[in-house]
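Dear colleague,

Please read them with the structure open beside you.

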Amino acid sequence: MSFALVLLGLFLVLHLPPLRRRPSLSTPVLRAAMATGLFFIGAGVMHFVMPARYDALIPPQLPWPRFWTLLSGALEVAGGVGMLSVKTRKLAAVGLIGLLLAILPANIHEAMANQASHVLPFPDWYFWVRIPFQLVYVAWVTWAGGLWPARTRASEPVPG
């Protein structure tokens, strides 16, 4: 959920008039794609900056936690970069959706761990609420990646 606040914050900053007048940010979907890209780049980089924190999230059934930490970080960065370009956005969205579903077991593992082993400094309930939030992230990436074909007034460019 805290990650959702960061993503939403990026999205809202991109709504500021000087930014949303740029052609690359002229619609809510384009701003969502940019926010998603920046968010996943930042989240992926954190896997390399603080790998031990992410290693602890890897379920014990998977060998070599550091490998999975660095791989998921690299995939998040790659997906984030892909979301920044119209040419690669749909493919990046599909990849990020797959990644979000693949890391679901790590979130379940963390929720089931006792409080003393939580890597993130949040109360126990946070880790349980975070699990269904994966579906919110999947829906967001689906929309931002242009995989949601709904054409509405909100997808029209904002007049200058």
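**What was found**

F67 counts as partly exposed, because its relative accessibility is 44% (buried means under 20% relative accessible area, exposed over 50%, and partly exposed in between, with a 1.4 Å probe and protein chains only). Please keep in mind that this is a predicted model, in which local features need pLDDT of at least 70 and side-chain atom pairs count only at pLDDT 80 or more, while totals for chains, interfaces and linings use all residues. Residues are numbered from 1 along each chain as its sequence is written, and side-chain values use heavy atoms, with hydrogens and water left out.

F67 belongs to helix α5, residues 65-83 (helices are DSSP runs of H or I with at least four residues, numbered from the N terminus). Together with W64, L71 and L75, F67 forms a nonpolar patch on the surface, with about 430 Å² of accessible area in total (such a patch joins nonpolar side chains within 5 Å, from residues with over 30% relative accessible area and no salt bridge; areas come from the Shrake-Rupley method with a 1.4 Å probe).

The structure holds 1 salt bridge, meaning a side-chain nitrogen of Lys or Arg within 4 Å of a carboxyl oxygen of Asp or Glu. The partners are D55 and R66, whose closest N and O atoms are 2.6 Å apart. Because D55 lies in helix α4 (residues 51-55) and R66 in helix α5, the pair ties together parts that are 11 residues apart in sequence. D55 is buried at 16% relative accessibility, whereas R66 is partly exposed at 38%.

Best wishes

Methods: Patches are made of residues with over 30% relative accessible area and no salt bridge: like charges are joined within 9 Å, nonpolar side chains (Val, Leu, Ile, Met, Phe, Trp, Tyr) within 5 Å. Helices (H or I, at least four residues) and strands (E, at least two) are DSSP runs, numbered from the N terminus.
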